[in-house]
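Reader: Hello! Could you walk me through this model, one question at a time?

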Amino acid sequence: MAHISTTEKPQMQQIDLNTLNLQQLTQLKNQLDQELSFFQESLNNIKMARSKYSASKEALEQIKEDWNDKQILVPLTGSMYVPGTIKDANNVVVEIGTGYYVENDLESAKAFFKRRVEYVQEQLEKIETIGMEKSKIRDTIREVMEKKLALYSKELQKKREGE
């Protein structure tokens, strides 16, 4: 018997897939396809965030304490820069989210981005696990649908031969 279990809620819910008709199985599969699409989009967004945090952390690693009064190019957009001068190489301004900025010393900023990368990685792994579980459930539903279609096809062929 094909069973699926979902553990998203505190209570475990089991469904015997063999008791569902093809229309119900199709609806369930379509719902899972939509959820998997959402999870894939979430994974892409989280990977992008992880990449940005990692790039920020790596940029902080390049800063040297003796860079005071050093000339640099400051990015305004992805392809536009303006000249700037580093006034205090030991203090940086970090965006902490939704337009909020905090001035930190270099070591605190590095620690902040290290924590953010670790947190985002944990979330990425959680979503990947949920996505794999849902993918397995979808594959099980497909198998049951194929078996039911094969059975219906045999029954239809028997009816035609009997006529």
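Predicted model: local features only at pLDDT ≥ 70, side-chain atom pairs only at ≥ 80, totals over all residues.

Author: Gladly. Residues are numbered from 1 along each chain as its sequence is written, and side-chain values use heavy atoms, with hydrogens and water left out.

Reader: Which helix holds E35, and which holds K134?

Author: Helices here are DSSP runs (H or I, at least four residues) and strands are runs of E (at least two), numbered from the N terminus. E35 is found in helix 1. K134 lies in helix 2.

Reader: Is K134 buried or exposed?

Author: Buried means under 20% relative accessible area, exposed over 50%, and partly exposed in between (1.4 Å probe, protein chains only). K134 has 8% relative accessibility, so K134 counts as buried.

Reader: How far apart in space are E35 and G131?

Author: In sequence, 96 residues separate E35 from G131. From C-alpha to C-alpha, the distance between E35 and G131 is 8.4 Å.

Reader: What span does helix 1 reach from its first C-alpha to its last?

Author: The expected span is 1.5 Å times one less than the number of residues. Helix 1 has 41 residues, and 60 Å is expected at 1.5 Å a residue. Close to that, helix 1 reaches 59 Å.

Reader: Which residue in strand 4 is the bridge partner of P75?

Author: Two strands pair if DSSP finds at least two bridges between them. Strand 3 (residues 71-75) and strand 4 (residues 81-85) run antiparallel and are joined by 5 bridges. A hairpin through 5 residues links strand 3 to strand 4. In strand 4, the partner of P75 is Y81.

Reader: Which element supplies the largest share of the lining of the largest pocket?

Author: Several elements each supply at least two lining residues, among them strand 3, strand 4 and helix 2. By class, the lining has 20 nonpolar residues (Ala, Val, Leu, Ile, Met, Phe, Trp, Tyr, Cys and Pro), 4 charged (Asp, Glu, Lys and Arg) and 7 polar (the others, Gly among them). The largest share, 8 residues, comes from helix 1.
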